[in-house]
Amino acid sequence: MTRISIDPITRLEGHGKIEIFLDQQGNVDNCYFQVPELRGFEVFCVGRPAEEMPRLTSRICGVCPEAHHMAAAKALDDLYRVEPPLAGKKLREMFYMAFYVTDHTTHFYALGGPDFVVGPGAPPAERNILGVIAKVGLEIGGQVIATRKRNHQVIEMIGGRTIHPVAALPGGMSQPITEEQRQQIIEIARQNVEFGQFTIQLFHDVVLANTDYVDLITSPGYTQKTYYMGLVDENNHVNFYDGKVRVVDPDGHEFCKYAPGEYTEHIAEHVEPWSYLKFPYLKNVGWKGFVDGKDSGIYCATPLSRLNAADGMATPLAQAEYERMYETLGGKPVHHTLAAHWARVIELQYAAERMLQLAEDPEVADPVVRAIPTATPTEGIGIVEAPRGTLTHHFKTDPDGILTEVNLIVGTTNNNAPIYISIRKAAEALIQNGNVNDGILNMIEMAFRSYDPCLSCATHSLPGQMPLELVVRDSRGAVTHHASQYVPPELLEQFDR
Amino acid sequence: MSEKPKLALYWASSCGGCEIAVLGLHEKILNVAEAFDIVFWPCVMDFKYADVEAMDDDSIDVCLFNGAIRNDENARLAHLLRRKSKVMVAFGSCASGGSMPGLANFTDRDAMFDWIYHKSPTTDNPDGIVPMKHTDVPEGDLELPGFWHTVKTLAQVVPVDYFLPGCPPEASSIEMAVNAILTGQLPPPGSVIGPDVTVCDECPREKHEKKIKRFYRPYEIIPDPDTCLLEQGLFCAGIATRSGCGARCPQVGMGCRGCYGPNEGVVDHGAKILTGIASVLDAQTPEEVDAILDTLPDPAGYFYRFHLPDSLLRRRARANGEKIVAPASEAAGEPA
Ligand code: SF4
Ligand code: SF4
Ligand code: SF4
């Protein structure tokens, strides 16, 4: 038996590890995707006052603390049966849109974009934001940094801190914004809308104008048919902050649509002894192992999944691009995992437009941003869309609001099984009869990256490709093949956040 | 300069926020990249453990280590980097005090596994599977790092020279530390890098020496925007917490939770917060003090929010009436 290990370099403890086993003929027999980390928030938050959850759970992830902050706040509204004043809701959503703009910008320009803009065939050392800049002009690097900076300002203004914000409470937010701050945010949101248009244009000019790239997106190695999940508003339009969770089947038909309070009727989690991370699936389809298709309960929750699960976008510029994407890729649903990058650009445009709508509404600066709860708490469930998937927070408390039970289904966790399938497809395509193609690293990396997995913060903060190492050992443990790709130090210079 | 100082950065059990805080230096990260020779930063550059192992002992000038120690892998890297580094900095609250994930010391590994892999409402695990260090799959053996009973701070596992608190440290704190390292103007070993003032000292809210009769939960009242939160009955640890953040949380109307840790000379942050809080209680007798403190739920979770592993309590000692006994390696802070 030949064994292949792929480690995202050195981050063994937090991040995933891939083991591929080959049969006698040297073809893929099986593979495993292991997550070797556990921190146990669901257990040690028990005994804490529920209202601390937005500040406690943000520490699950320093990349998307805003998502946990919001999901916890919404679970608290539900727990205390309190409706935040409209201004409080709008303020939260505006804060959240600023976060989405920064997060999707980072991903597109620093991580996903380079594959396409510079080209998947380019040497790894060029497939990074430096390469993007070299190809489309220095000005872009400056724009990316400026976009992130100005939205960080908004996050800090409303949330108190950029990393681990503090302002959300049951019933609303701790502090209103002033009219002057609202004017600043309008200006920032306008720039974001322009930046969204610019990004869409870039995607068209560089990616879609190149038939090779379009062929790559639609190639079988990057295609898998699963269920798709996303939060939608009352018109079945994509929404990041509020609504119901809608799931469509691999043919694109609505499979279920549930309110946050009903999530346990629809979602279950499978356990494997070789990973600390569980594998969520649709309970009413069932766990059938690591396979895609209509009979398997595995679902995806990525930007593309959200678009697949919805009927459209709630803002005009995003809607126009949404239509263009489905026209180009042959209708709904789209099963090509790499199309998640296109979907992400559409979502960036939506977040920017939505932020502007909210900022232009004078009510967002209303001084009343919080309602005082009066009900006795028992149980609360809150759901938001984190950039990396539907995020569910579920709390139970005693009558004093002290937590007795916590269950969390975190963004990337939704995609644990689909990531595994993507890896296996890449391995099967590139390992044949004992020949290990060096391109496997690139392919696995690209498949991985379309999910933007939060397992490795490396994938967010890096301005280049994901560092991966591949080791092939024969049955005696001797190394027969070794390949790696890495990020050159000069890239350091491009870091932001 | 003849040779740039060699810098290593590492994340152990971490949320990634500390790494992002370093990147949040924005354009100033260029100065860091310029001033140092970065020899190990797995979040950012491709270095392998083997590269570090091959280095001479003490060949790294400064190691900035974030994240707590909670499994064998974290401990292995802590020991390795300590051996290779002249100066070891516990970076952020996780490494210096355990931070929020350190609240896991109120519970234990079995309780965690029991809930997460068996009892949680969405878990479907009829065969009672739990993750294991070794799994025999038909194709071979799959390994996971051993998960510890106790979250430990870096200093509980290896000697630490300096501490940079904050969850995460603000960019200004990081800059201060970097400058201190570059100019050699470091405080005596064992110190916290940063000014020894309290959050109250930097907080713009007005204090009126008012005493309180009870605590309110943060959702129960809408506080006056200009007055000290503690004097309005809202728990705020700023009174006994080192600043460096510029009193960020009180400025948006939320009490400080103590992420920057205690001031100089304080052994137990929680005890110090309790003393600070006691000074604003409107009570004459110990009974009155108790009655007011009873209105603050989960005092241990508030006082030790960021520093339980580093406190005199460290962890809960018993589970189901039995003393929790860690394996010898874990007790010694070594990887198994
Ligand atoms: S100190 Fe805070 S920001 Fe840093 S790793 Fe720990 S939890 Fe994350
Ligand atoms: S106790 Fe808190 S709110 Fe009051 S002055 Fe100190 S830091 Fe500010
Ligand atoms: S106010 Fe307190 S909790 Fe908030 S950032 Fe400062 S030290 Fe940390």
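Predicted model: local features only at pLDDT ≥ 70, side-chain atom pairs only at ≥ 80, totals over all residues.

Residues are numbered from 1 along each chain as its sequence is written, with chains lettered from A and ligands numbered from 1 in the order in which they are written.

**Stop 1: chain A**

You'll find 16 helices and 18 strands (DSSP runs numbered from the N terminus: H or I of at least four residues for helices, E of at least two for strands). Of its 497 residues, 65% count as buried. Buried takes 20 or more other C-beta atoms within 10 Å of a residue's own, exposed takes 12 or fewer, and partly exposed is in between, with C-beta atoms placed from the backbone.

Now pick Y420(A), in helix α14 (residues 416-430) of chain A. Is Y420(A) buried or exposed? It has 21 C-beta neighbours inside 10 Å, so it counts as buried. Leaving aside neighbours within four places in sequence, Y420(A) is in contact with F33(A) and F290(A) (contact: C-beta atoms, placed from the backbone, within 7 Å). F290(A) sits 130 residues away along the chain, yet the two C-alpha atoms are separated by 7.4 Å.

Next, go to the loop between α11 (316-328) and α12 (340-360) of chain A, where you'll find P333(A). The peptide bond from K332(A) to P333(A) is cis, with omega near -10°.

**Stop 2: ligand 1**

Zoom to ligand 1. Residues from chains A and B surround it, so this site is shared between chains. The shell has 14 residues, and the closest are G17(B), C18(B), G92(B), C94(B) and C167(B) (a residue is near if its C-beta atom, placed from the backbone, lies within 6 Å). Helix α5(B) gives the largest share, three residues.

Stay with C167(B): a cis peptide bond joins it to P168(B), with omega about -10°. P168(B) belongs to the loop between β10 (162-164) and α7 (171-183) of chain B.

**Stop 3: a helix of chain B**

Select helix α6 (residues 109-119) of chain B and show its buried residues, R109(B), M112(B), I116(B) and Y117(B). Why do they line one face of the helix? Seen down the axis of α6(B), they fall within an arc of 85°, so they line one face (the arc is that of the directions from the helix axis to the C-beta atoms). Their cover includes α1 (41-44) of chain A, along with β6 (123-124) and β9 (147-152) of chain B.

**Stop 4: ligand 3**

Move to ligand 3. Among the residues around it are C245(B), C249(B), C256(B) and C259(B).

**Stop 5: two loop residues**

Find E209(B) in the loop between α8 (199-202) and α9 (248-251) of chain B. Its phi is near 55°, a positive value in a residue other than glycine. E209(B) is exposed, with 7 other C-beta atoms within 10 Å.

Finish at D298(B), in the loop between α11 (286-293) and α12 (299-303) of chain B. Phi of D298(B) is near 50°, also positive in a residue other than glycine. With 16 C-beta neighbours inside 10 Å, D298(B) counts as partly exposed.

Notes:
Contact = placed C-beta atoms within 7 Å.
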